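Here is a briefing on a protein model with a ligand.

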Amino acid sequence: MWWFLIISLLTLLYYIWQKLGNLGKKYPMCLPHLPIVGSLPYMSVQDEAHIYFTKLKEKYGHIYALWMGPSYVVVVNQFSLAKDMLLKKGKDFASRPQMVTTDILSGSGKGIAFSDYGPQWRMYRKLVQSTFSLFRDRSSQNFEKIICQEANTLCKRLANTEGQSVDPSKDCFLASANVICQFCFSNSWKQNDKDVEIIMNVSDAIIKALAKNNLVDIFPWIQLFPNKDLTLLKENVKSRNELLEKKIKIEKEKFNKDSINNLLDTLLKAKMKTNSHLSQEQEVTDEHILMTLGDIFGAGVETTSSVIKWILAYLLHYPEVKEKIQKEIDQKIGFTRTPLLSDRNQLLFLESTIREVLRIRPVAPLLIPHVACTDSSIGEYTIPKGTRIYVNLWSIHHDPEEWDEPEQFNPERFLDKNKEQLIMPTSSYFPFGGGPRVCVGEFLARAELFLFMAWVLQRFDLEVADNGELPSLEGVYGVVYQINPFKMKFKLRKAWLSSVPGQQDPPPPAPEDS
Ligand code: PLO
C-alpha cells in the first residue's frame, strides 16, 4: 500500500513541477494526439502535406503543433514567424532531424544538406562557399561563361528537336548537370553519355523514394521489416555513390594543390591539411567528400531543372507572358548578341516571371525540416529543444493576407506601376529558405534560371505538344516539388531566323567579362 502512495505522490510532484516550469509559457496549439501514434490518426492523407498544413491554419492558427508518432513537430505558416525563426533566431533552429531516409542518403548525416548544425557542417559549408567565390571572382571559367556555354549547347539540342513534341526533362537536366559538373569537377557530359541517363534515372528514383518513405522516418523500427521502398532507396543511393566515386577517382588524378579549380580540388586540398592533431570533427574524409559532392550535385541539378520545367509549363499556359518577355528581349538585346547576366536589370518581365514561378511553385514547399538545437521561442511561443520545425513555404507564398490573389499566376506583381522596376510586394517570400541554412547555391541558381530562359526565349517559340495537351500545373509533393512529365515543342522564332539568315547557330558569343 505505502509504495502506491509514494508513486502517487511522486507523480503529483512531477505534475506540479511541470506545471510550475510551464508557468508563463505559451505553446502552439496542438492537434489531438494519442500515445505512440501521436496525431497521425487525426491527420488527413488525402491532401499533400503542404496543402494539408495550409488548410490546418484555418483551425489552429499560423503556428501549431502535432505529434508525428513520438516526434513533436511545429508547423510555421506565416512569414513573420518564419522570419523570427530562420533569420532572428536562426542558430537556435539550424539543426536537422535524424531520419532513416536522409541518413541513407547522407551516409548518416555527412555532407551539408542533412547534417547537424555544428563545426563540421560549418567547415564543409565554408569550403563550398569558398569554391563559389572562386567561380564568381575569376575572369576565366566564371559562372557566367559556363552557363552561357551550356545555354548554347542547350539551344543547339533544342534546335535539333524542331517541330517535334518532346519531353524537355533530359535537356533541362543535362544543362543544369553540366553547370554543376563544371563546378564540382571542371568537366561536362556529352548528350549521349550513358552516365547522364543513369544519373538522371537514379536521381529521380531517389526523389520518389524519399517522398514515399515517410512512415519509416516516424517509426524507425519499421526498417526492421522487409520494406520495398527502402530497399529501392538504398540501391539507388548505392548506384549514385558508385557513379560519383568513379568520377572522383578519375578527376583526382588531375589534382594539383597549387591550382585549385573546382569543388573536388578544394575538398582534396582541405584533406591534405588533415593530420592526426586535428579533432575528428575537423578531419576531411573520403566519405565526407563524396557526400558533400553528392549534395551539391543533387541540389544543383534537381532544383534548377525542375524550376526551368515549371517556367516552361507556365509560359505554355500564359503565352501572353511569353510574348512580353520576348518583346523585351528583342528590344533590349536584339539578335546580334546573346544574353548576359548584366541584362538582368533590363529584362524585367523575365526576372519577374522567374520570381513568380518560384513563388507559386516553390522548389521545396516545406523546406528541409529544421530542429531546435536549444530551448528557444518563435514569436511568443515556447519551443523546446529537439522540436522538429516545418516551415510551410507554400502557405507563406500563398498567404492571402500578404499576396493579392495568391492563386493567380501574375508576374507583374513583382513590377512597379509603370513596369519599369522590379519590386518585392511583400516580404512573405523565401524561395531559397533563409538564415544559416539558406540555400548555398542561390546565386548560381538565379543566374542559371535567368540565362537559360533568356537564351531559349531569344530564339525559340514555345508550343503545346501535338496532342494539344497543356502541362498539368499540379505538382508532385516531395523533397523537390516536381511537375508531372509533359511534352512541348520548341520552334525557332521567325524573327530570329530572318535576322540570322540561313543559320540555326546562335550569334557569336558575348564579349568576355561583363
Ligand atoms: C536530389 C536527388 C539526388 O540524387 C540526391 C539529392 C541530394 C541533395 C538534395 C536533393 C536530392 C533534392 C533537393 C535538396 C537537396 C539538398 C537541398 C535541396 C533537398 C535529394 C533543397 C531543395 O533543399
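This is a predicted model: local features need pLDDT of at least 70, side-chain atom pairs count only at pLDDT 80 or more; totals for chains, interfaces and linings use all residues.

Residues are numbered from 1 along each chain as its sequence is written, and side-chain values use heavy atoms, with hydrogens and water left out.

**Ligand site**

- The ligand has 18 residues around it, of which Ala113, Ser203, Ile206, Val479 and Val480 come nearest; a residue counts as near if one of its heavy atoms lies within 4 Å.
- The side chain of Ser203 has an N or O atom 3.3 Å from an oxygen atom of the ligand, and a polar contact is a pair of N or O atoms within 3.5 Å.
- Taken alone the ligand exposes 480 Å², and the protein buries 90% of that (Shrake-Rupley method, 1.4 Å probe).
- Helix H8 (194-212) and helix H12 (286-317) are the elements that give two or more residues to the shell around the ligand; helices are DSSP runs of H or I with at least four residues, and strands are runs of E with at least two.
- H12 supplies the largest share of this shell, 6 residues.

**Sheet**

- An open sheet of 5 strands has mixed pairing and the order S1-S2-S3-S7-S4; two strands pair if DSSP finds at least two bridges between them.
- Strand S1 (29-30) and strand S4 (370-371) stand at the edges with a single partner strand each, so one side of each has no neighbour in the sheet.
- Strands S3 (residues 71-76) and S7 (residues 388-391) run parallel and are joined by 4 bridges.
- Opposite Val73 stands Arg388 in S7.

Methods:
A polar contact is a pair of N or O atoms within 3.5 Å; within protein, one must be able to donate a hydrogen and the other to accept it, and residues adjacent in sequence count only if both atoms are side-chain atoms.
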